[in-house]
Amino acid sequence: MKERLRIAVIGYGTAGQAVSILLTRDGHEVEIFERVPTPGPVGAGFLLQPSGLQVLWQMGLLDSVRAHAAPVHRLYGDTPCERAVMDMRYDGLDARLHGLGMQRGALFSLLDEARAGAGQLHAGVSIAAVDAEQGRLRDRDGRMHGPFDLVVAADGAASTLRGTIAGGAGLDRVYPWGALWCLLPAEDWPHVRELRQRYVAARKMIGLLPVGTRPGDDTPRLSFFWSLPRADFERWQADGMAPWLDELHALWPQASARFAHLRDAGQMARAVYRDAVMTRWHQGRMVLAGDAAHAMSPQLGQGVNMALLDALALRDAVRTHGGGAEALQAYQAQRRAHVAVYQRWSRWLTPLFQSDRDAWAKARDVLLGPMGRLPGGRGHMLRVLSGTQHGWFGALALDRAFVDALATAAETPRINAITANA
């Protein structure tokens, strides 16, 4: 560290938590501003990819995460007639790699614990404006905060602060499709190491992802989601649960036992997605991180992983260059080179899985499987899946010690199970 900086972090989601941990560990004075009076997780579950897991390993948190997460080795999607559309396995890239399905509540709690009270958390303080040149913040009650040497805006996909960066927004729009989601008990679900999805053209998509447990709740759970146009949210609720549940059971009878836990519309939360592409990520003393910098649809499941990578890259840039423009330029250059290909792929893939374009869905069903079996196509698809695609032709390096640690963590539960059954 070249100097001790006074840093403001706006938002206490994954990006804000990770940035706060890494920068306070480097000795910087960090203040965190979160608009919610009682900060907590938003969302059911997600898939941690090797790219994001490597960051958690570098933070010393891999074992803590692994204690609650569910190993995921395969992503499989089919139609109601059980015709495979997608079948991707991490061992096609490296036999030691896999993802980890995790509840948002679990990761939030573990990151909050890892912060260990370092940095001052201002809960219930909503930042309305940032003076990027002076590093000053104004909250919605008119109070001023700062000045800060660095302001990290990590206020999520619906960021109200990214507009502070003059001429930075290349694209910022809400997707017409969203999702309903909740957590369900895993019980005797047989696919405990797989993300399972079922498609009806691109109009309907159902998914079940094993997401393990969370602190204070040892019940293994699945993250359930149902794709739905945003315009249909109210109609879905007005129609009542019965016709929807009948449809669910008809489309995926193999999962009927899981759907028996769906009894009330109040169980289901609504998710809305944005596509935000920033041509610039920083101005003056302010810089964007996480979804505030690069929101995208969830088709590639990279949001949390990208947020963790942003946090590490920003920490490294500040270590190398201090808190000035040179550090922010280096951070932007590194992260945009990785993020750009994911934003494009996400934008292109979304109509294949969430749209009214039946012809596109038919092409997906016919071509996606064979493309994944081609040597060149398979490698590219697996790198995109694992979060390790860098640009169109490069690859994000994974540390050999991390890969070994991930493989060891995956092996431990299997050894314990063998011992218990001996």
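Is tryptophan 226 buried or exposed? Tryptophan 226 is buried, at a relative accessible area of 3%. The model is predicted, and its chain has an average pLDDT of 91. This briefing covers the aromatic pairs, the charges over rings and the confidence of the model.

**Aromatic pairs and cluster**

- There are 12 aromatic pairs in the structure.
- One of these 12 pairs joins tryptophan 226 and tryptophan 244 in an edge-to-face arrangement, with 5.9 Å centre to centre and 80° between the planes.
- This pair links distant parts of the chain, with the two residues 18 residues apart.
- Tryptophan 226 belongs to strand 16 (residues 217-229), whereas tryptophan 244 belongs to helix 6 (residues 241-251).
- Tryptophan 244 counts as buried because its relative accessible area is 4%, and the cut-off for buried is under 20%.
- Both tryptophans are members of one aromatic cluster, formed by Trp189, Phe224, Trp226, Trp236, Trp244, Trp252 and Phe259.

**Charges over rings**

- Arginine 6 lies over the face of phenylalanine 148, and the distance from the ring centre is 4.5 Å.
- Arginine 364 has its charged end over the ring of tyrosine 199, at 4.8 Å from the ring's centre.

**Confidence**

- A pLDDT of at least 70 is reached by 95% of the residues.
- Residues 412-422 have a pLDDT below 50.
- Beyond near neighbours in sequence, the stretch of residues 412-422 has 1 contact in the model.

Conventions. Residues are numbered from 1 along each chain as its sequence is written. This is a predicted model: local features need pLDDT of at least 70, side-chain atom pairs count only at pLDDT 80 or more; totals for chains, interfaces and linings use all residues. Side-chain values use heavy atoms; hydrogens and water are left out. Rings of Phe, Tyr and Trp (its six-membered ring) pair if their centres lie within 6.5 Å; planes under 30 degrees apart count as stacked, over 60 as edge-to-face and the rest as tilted. Helices (H or I, at least four residues) and strands (E, at least two) are DSSP runs, numbered from the N terminus. Buried means under 20% relative accessible area, exposed over 50%, partly exposed in between (1.4 Å probe, protein chains only). A charge sits over a ring if NZ of Lys or CZ of Arg is within 6 Å of the ring centre and within 35 degrees of the ring normal. pLDDT is the predictor's confidence in each residue, from 0 to 100. Contact means heavy atoms within 4.5 Å.
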